[in-house]
Amino acid sequence: MATPVRRHRGGAMQDRPVGWARNPLTEFDQLLSEMSGLMESTVGSAAPAVAWTPLADVTESDDAFHVEIELPGVKKKDINVEANGQEVVVTGEIKEKERKGVLRRSTRRTGSFEYRLRLPGEVDTEKINARISDGVLTVTVPKAEVTKPRHIEISETGEGTESTESKG
């Protein structure tokens, strides 16, 4: 049985058989890049830059949430971490490097980035810790101390200690 192939409008056969696709994420990223270039050429470079979201892992332990965000080549001074209630927001910018010569291809992300995370449950915003090492920003968000249930003793009033009513 022959493998089906797609034909272009002109009738020429395509190089690849049906179902033989490239990585769709790479194609999507390339499409976004082309659309961005088209927008820049149409509107101009004065258009506000759209923030992109860096890759991240979020894990939960008994006492904290741990967020690891990939930010290769980003300096500490170019990152801002804020917490408001249950939401943690990491923003910053990866600046374009000055280069000599002609840049033939670039797939690195540059410009403003933003990572937002809403955590379940109460957190202790006063004890949040952030550190960067080897291009990975690690934000540790401790969980708030939960008030422990307390046993309440029930007192018993005696027969002779009833409230006295005024007789008159």
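Reader: Let's start with charges: how many salt bridges does a search of the whole structure find?

Author: Six salt bridges turn up in the whole structure. The term stands for a side-chain nitrogen of Lys or Arg within 4 Å of a carboxyl oxygen of Asp or Glu. Keep in mind that this is a predicted model, where local features need pLDDT of at least 70 and side-chain atom pairs count only at pLDDT 80 or more, while totals for chains, interfaces and linings use all residues. Residues are numbered from 1 along each chain as its sequence is written, and side-chain values use heavy atoms, with hydrogens and water left out.

Reader: Which side chain meets Glu-87 in a salt bridge?

Author: That's Arg-116, at 3.2 Å from N to O. This pair links distant parts of the chain, since Glu-87 sits in strand 6 and Arg-116 in strand 7 (residues 111-118), 29 residues apart. Helices (H or I, at least four residues) and strands (E, at least two) are DSSP runs, numbered from the N terminus. Arg-116 also meets Glu-114, with 3.5 Å from N to O. Shared partners join Glu-87, Glu-114 and Arg-116 into one network.

Reader: How do I read the exposure of Glu-87, Glu-114 and Arg-116?

Author: Go by relative accessible area: under 20% is buried, over 50% is exposed, and in between is partly exposed (1.4 Å probe, protein chains only). Glu-87 has 26%, so it counts as partly exposed. Glu-114 at 30% is partly exposed, and Arg-116 at 46% is partly exposed too.

Reader: And what about Glu-96 and Arg-99?

Author: Their side chains meet in a salt bridge of 4.0 Å, N to O. Glu-96 is partly exposed at 46%, and Arg-99 is partly exposed at 42%.

Reader: Where is Glu-126 found?

Author: Look in the loop between strand 7 and strand 8. Glu-126 is exposed, at 71% relative accessibility. Glu-126 and Ala-144 are 18 residues apart in sequence, and 9.8 Å apart in space, C-alpha to C-alpha.

Reader: How many bridges join strand 3 to strand 4?

Author: Five, and strand 4 covers residues 64-70. As an example to click on, Asp-57 has Glu-68 in strand 4 as its bridge partner.

Reader: Last one: which residues lie nearest the centre of the second largest pocket?

Author: On a 1 Å grid over the protein atoms alone, a cavity is a set of points where a 1.4 Å probe fits but cannot get out, and a pocket is an open set with protein on both sides within 12 Å along at least five of seven lines; lining residues have an atom within 4 Å of a point. In this pocket, 26 residues form the lining, with Trp-52, Pro-72, Ile-94, Arg-108 and Arg-109 nearest the centre. Helix 1 gives the largest share of that lining, four residues.

Methods
Two strands pair if DSSP finds at least two bridges between them.
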